[in-house]
Amino acid sequence: MAGMARRNVGNVGMESDAYGNGGDGDPYGNAPYSNGTYSNGTYGTGPDGGAPSVRGHRHSSPSRGRRTATATAAGVLAIAALAAGCGPQDPAADALKQPTAPAPATTATTAPAAPSPTEDGKADATTPTPTPTPTPTPTEPPTTPSPASPTPAPHPSTASPQPEVLMRTGSEGPRVRELQARLRQIGHFGRNPTGYYGTVTAEAVRSFQVKRGTEGTGATDAATWQKLLAMTRTPTADELDPPTERPVAKPDERCLTGRVLCISKKSRTLAWMVDGRVVSAMDVRFGSEYTPTREGEFKVFWKSRDHVSTLYDTPMPYALFFSGGQAVHYSADFAANGYAGASHGCVNVRDKKKVAALFDQVKNGDKVVIYW
């Protein structure tokens, strides 16, 4: 027994060398297999048939010792297999190790089973099945080329070139005066010529164009001008430069002596008079009821050819100041819009040519009479 005990102790030492104190790099040389799960725990003497442990060998007979050694070797392999299986399992690899059961017989009415993919991802050659057709990506519908048609030869443009514009809103001068005089001859311009192309003149031109069946632009182009020349005669001097649009009023008694700007609110005219004789006359307009033109007798105290109002920031050409900021001067607005507007108290003249001549003749100190 003592010898057996010594042999068993030797076995214990051998197992300890194998699983208890292995050298460096031995994955099983530390505690997990000598004092842990496999020597005294689950796999020592458990009823589940685990590998024999060191404790089980202490009471074995010599004959059983050899069987035990054989069983121990098998246990070592089992333990090694368990240790190697701690990582993630590969279900595909396990499936390859299983025997393949024969496929069940099928009848003509049974649809064939779907093919099982092999390791390379291809269908099993023993089970021929149609290759799945990939779903096509939606694309634009194919375009059927239409039969080539001959390219039509370009046609020459039938649009006539735009006629040259000779006069338009804002134009001024002798030609505008002639235009106005000719339009007046045929009833499209209801006042004396002013030489300024404003809204009244544009409307008269538009009326003439529409009546003749052309586009009513209000601008005098070459075609409009030629039609007007064909329908009218050359204006006389009196037609081009009438004294006023309205009859000149009977002069006030204060206007009969000396050099006087005789201005009538009733007739809306200005007569430049020297010693009771009318030298020139022109249409004028006055201030509104909120900015009325003063009445009475005054004197010209300042002349300003290119004056601009500092109060209203508007041009006042050929200004002849007679009372504070009130003056006789040319008004482009009066020339364009007539009596539809009013001044801020000044005496507006719409005939630029006449007021320019007046400016050159009047001197500081000349009398100004404004009356009804």
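Me: How do the residues of the lining of the largest cavity divide by class?

Reply: They split into 4 nonpolar, 3 polar and 5 charged. Here Ala, Val, Leu, Ile, Met, Phe, Trp, Tyr, Cys and Pro count as nonpolar, Asp, Glu, Lys and Arg as charged, and the others, Gly among them, as polar. Bear in mind that this is a predicted model, where local features need pLDDT of at least 70, side-chain atom pairs count only at pLDDT 80 or more, and totals for chains, interfaces and linings use all residues. Residues are numbered from 1 along each chain as its sequence is written, and side-chain values use heavy atoms, with hydrogens and water left out.

Me: Which residues line the largest cavity?

Reply: General idea: rolling a probe the size of a water molecule over the atoms shows where empty space is left. On a 1 Å grid over the protein atoms alone, a cavity is a set of points where a 1.4 Å probe fits but cannot get out, a pocket is an open set with protein on both sides within 12 Å along at least five of seven lines, and lining residues have an atom within 4 Å of a point. Here the lining is N192, P193, T194, P242, P243, T244, E245, M282, D283, R350, D351 and K354. The space inside is about 70 Å³; a volume is the space filled by probe spheres set on the points, which are joined across faces, edges and corners.

Me: How many cavities are there of 30 Å³ or more?

Reply: The search of the whole structure gives 2.

Me: What about the second largest pocket?

Reply: That one has a volume of about 490 Å³. Of its 27 lining residues, S309, Y312, T314, M316 and C346 are the closest to its centre. By class, the lining has 12 nonpolar, 12 polar and 3 charged residues.

Me: And the helices: which residues of α6 meet α8?

Reply: Contact means heavy atoms within 4.5 Å. In α6, R175, E178, L179, R182 and L183 meet W225, L228 and L229 of α8. By class, this contact has 5 nonpolar, no polar and 3 charged residues.

Notes
Helix = DSSP H or I, 4+ residues; strand = E, 2+ residues; numbered from the N terminus.
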